[in-house]
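Please look over the sequence and the model below before reading on. The report that follows begins with the chain as a whole and then turns to individual parts of it.

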Amino acid sequence: MADGSANGTPGQRLRAAREARGADLEVAHESTKIPLRLIEAIERDEYHKLSGPLYVRSFLRSYAGWLGLDTGEILRAYESLAGRPESGGGDEMVWTEDQVQVRRVGSSLPRDLLIGAAVVVILALAAWGLWTIIRGGDTPSEPAAVPPEEFSVIVPPATAVDSVATPEAVGETGKPRPGRSALQPATRPETRQARLARLEADSLLGGPRAEATPPASAAVLPVPVAADAAVPFIAGTPTVLVLRVLLPAPTNCSVRRDDQAAARPVVWPDRPQPLPTRDVSPGVAYAVRNGFAIYWGARDTFTLTLGALQDARASLNGADLPVDRWQPGQPVVLDQHTVQRLGG
């Protein structure tokens, strides 16, 4: 076993053992395949420059093993230095609470209560239908139901001023057609395509009271910009690493950047604005062509969690990430090593 000091920090012990072996940093890098800058950070006990405790434990185990030191003793010294309790798991890699954010999705109500509520709703609908049949032709005919889309969003309640005449309810003369309301209910379900069209009209024609059908010469929503240092973030946002996520519809998504204590969910405004040409806010959903775009900037690392992966896309410093190989709700660590593996 190599002669390493039994006292001192893990970095001091490893450096002493390497120097006693007569090896320089280049030899250590070539033998362990650990990046040179990370070996220097380990020997200086600057573990914050590595991508989380799992990477630190793995590199310490590899480096100590190559030097012939007691890996268990080195890991215990690191745990003591970092102020973390000993895992007791040997070589097992354990996720800790500061690395994984668990989000519970769904209702916490008892199953029997939900079933009972569903039965009450069904009986109420049946009674309403029977009452409509008994009344006969006294009730005006309702417009045909619109088939649901894959994604739908409910429009927030609004006053009568916000209601607009729909193309179906207005004739060629501009007057309402007989037997149908010229006002669209403010709380009706809104499909994804209809919402994108409304966002285009609102942003380009002056607000929520713009015409339902914009002129043919009007521009469309902007396309998302590439995830690189050219993203026009608000002042003070780091751009060493730039992460972009494209989503077809609102869904659970959270990101932890650098030294943040916990992941932060995406901000979904009630009326998302089109992607601006300057002062992009990290973690805010912006409307773009075919969906929504969210951007973040960081110095060292991201931890990304996506609740739904269907039609979702992500890129780091302009390189596409393999989202189709992830699991929904799985935290994924992204750093400079990720960029190198992707060829960015």
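## The chain as a whole

In this predicted model, residues 24 or more positions apart account for 61% of those contacts in the protein chain that have a separation of 6 or more. The protein chain has 344 residues, of which 34% are buried, and its secondary structure consists of eight helices and 11 strands.

## Helices α2 and α3

Two packed helices are described by the angle between their axes and the distance between the axes. For helix α2, residues 25-32, and helix α3, residues 36-43, the axes come within 9 Å and cross at roughly 115°. Because angles from 65 to 115 degrees count as roughly perpendicular, α2 is described as roughly perpendicular to α3. The crossing of these two helices, α2 and α3, is right-handed.

On the α2 side, the contact is made by Leu25, Glu26, Ala28, His29 and Thr32, which meet Leu36, Ile39, Glu40 and Glu43 of α3.

## The surroundings of α3

The buried residues of α3 are Leu38, Ile39, Ala41, Ile42 and Glu43; of these buried residues, Ile39 and Glu43 also take part in the contact with α2. The cover over the buried residues of α3 includes α2 itself, together with α1 (10-21), α4 (53-67) and α8 (336-342).

In the loop between α2 and α3, Lys33 has a phi near 65°, a positive value in a residue other than glycine, and Lys33 is exposed, with a relative accessible area of 66%. In the loop between α3 and α4, just after α3, Asp45 takes a positive phi of about 60°, and Asp45 too is a residue other than glycine.

## The nonpolar cores

Which residues touch the most other members of the largest nonpolar core? Within that core of 24 residues, they are Leu243, Trp296, Phe302, Leu304 and Leu306. At least two residues of this core are supplied by each of the strands β3 (241-247), β4 (253-257), β7 (291-298), β8 (301-306), β9 (313-316) and β11 (332-335), and the largest share, four residues, comes from β3.

Trp296 illustrates how such a core residue is surrounded. When its neighbours within four places in sequence are left aside, Trp296 is in contact with Phe233, Leu241, Val242, Leu243, Val245, Cys253, Val255, Arg257, Val266, Pro282, Gly283 and Phe302; among these partners, Leu243 and Phe302 are also named with Trp296 as core residues that touch the most other members. Apart from this core there is a second, separate one of 22 residues, which includes Leu14, Ile34, Tyr63 and Leu75.

## A glycine in a loop

Gly236 and Gly297 are 61 residues apart in sequence, while in space they are 9.8 Å apart from C-alpha to C-alpha.

Notes. Residues are numbered from 1 along each chain as its sequence is written. This is a predicted model: local features need pLDDT of at least 70, side-chain atom pairs count only at pLDDT 80 or more; totals for chains, interfaces and linings use all residues. Side-chain values use heavy atoms; hydrogens and water are left out. Axes are lines fitted to C-alpha atoms, for helices over the stretch in contact, and angles run from 0 to 180 degrees between N-to-C directions. Angles under 35 degrees count as roughly parallel, over 145 as roughly antiparallel, 65 to 115 as roughly perpendicular and the rest as oblique. A crossing is left-handed if the near helix is turned anticlockwise from the far one by less than a right angle, and right-handed if clockwise. Contact means heavy atoms within 4.5 Å. Buried means under 20% relative accessible area, exposed over 50%, partly exposed in between (1.4 Å probe, protein chains only). A nonpolar core is a set of buried Ala, Val, Leu, Ile, Met, Phe, Trp, Tyr and Cys residues joined through side-chain atoms within 4.5 Å.
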